Amino acid sequence: MTEPIFTREGGTYVPSGHARGPWDDAQLHGGAPAGLLAREIAAVPSGTDGTRMAVLRLAYEFLGPVPLAPLTVSAALVKPGRRFQLVEAQLAVAGGPVVLRARAVRHRVADPPVPVPDAARATGPVEVPGGPDPLAHPLAPMVPMGEADTGFGVTGMELRFVHGDFLEPGPAVTWFRAARPLVDDEAASPLALVAMAADFGNGVSSALDFRTHLFVNTDLTVQLQREPVGEWVQLDARTVIDGAGIGLAASRLSDLHGALGTSAQSLYVEAR
């Protein structure tokens, strides 16, 4: 069986080496816990007698490095409502501090659907860089950044660059899909996949060399203009930095159905 990114053991989620990040072999890539919290958020009941709610915004705050250690997660509806809801979630080291918080905005899915003029339509013919077939682009050669031969960007996710590269600073367009189950034998949902991929914006569009500088994101915000569909997500990403050590990675998100939304990461930049 394919080893998952996380395994449930009792009340904890135990990360495998496939969740490992590029900055420290003992810490997770932000995309792995971001996907885990997106999964937890989606599981919170709406309390609206079957009315379906769609997540349109995910906002994460990393309170510290997420260690390669057993983790606990929780989520709760903090603002109920028939049209608009807020869900808050957190991830903690088992028996230790909270290291990641997230807040999600959920809106009611219209039934019957509202009329959508062509000029305002979010989907339609696929018009994403590189075309609608991710497999038309070569599988990215993954370069481990530390001592380990496993990692979220190495063995946890499949990346296919339309242009750009991990070790080629500058803007990049990249397709992503999960290379293995997220939890046990459970595949990542489209929403979880968006969160997992969006945290790569600063990595695929790096402004500086991984080997000489850190450019770690302290947060992640995802804004969706519709619900994601399928097993592929594309980032069209660009990173800008300032001499004060401040940076911003911004990405346009797409799936096989076309434009999906945007994501952004605030960056802390310094020499290694």
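Contact here means heavy atoms within 4.5 Å. This is a predicted model, in which local features need pLDDT of at least 70, side-chain atom pairs count only at pLDDT 80 or more, and totals for chains, interfaces and linings use all residues. Residues are numbered from 1 along each chain as its sequence is written, and side-chain values use heavy atoms, without hydrogens or water.

**Whole chain.** Show the C-alpha trace. Its spans along the principal axes are about 55 × 45 × 45 Å. The radius of gyration, taken over C-alpha atoms, is 18 Å; a compact globule of 272 residues would have one near 19 Å, so the two agree. That rule is 2.2 Å times the number of residues to the power 0.38.

**Cartoon.** Colour by secondary structure. There are four helices and 13 strands, which are DSSP runs numbered from the N terminus (helices: H or I, at least four residues; strands: E, at least two).

**Core.** Select Phe6, Leu58 and Tyr60. These have the most contacts inside the largest nonpolar core, a set of 60 residues. Such a core joins buried Ala, Val, Leu, Ile, Met, Phe, Trp, Tyr and Cys through side-chain atoms within 4.5 Å. Buried means under 20% relative accessible area (1.4 Å probe, protein chains only). Now select residues 190–198: this is helix 3, which gives the core its largest share, eight residues.

**Around Phe6.** Stay on Phe6. Leaving out residues up to four places away in sequence, its contacts include Tyr13, Val14, Pro15, Leu28 and Ala32. Leu182, Val183 and Asp184 are also among them.

**Zoom out.** In the protein, 46% of the 272 residues count as buried. Of contacts between residues at least 6 apart in sequence, 67% join residues at least 24 apart.

Notes:
Buried < 20%, exposed > 50% of the residue type's maximum accessible area, 1.4 Å probe, protein only.
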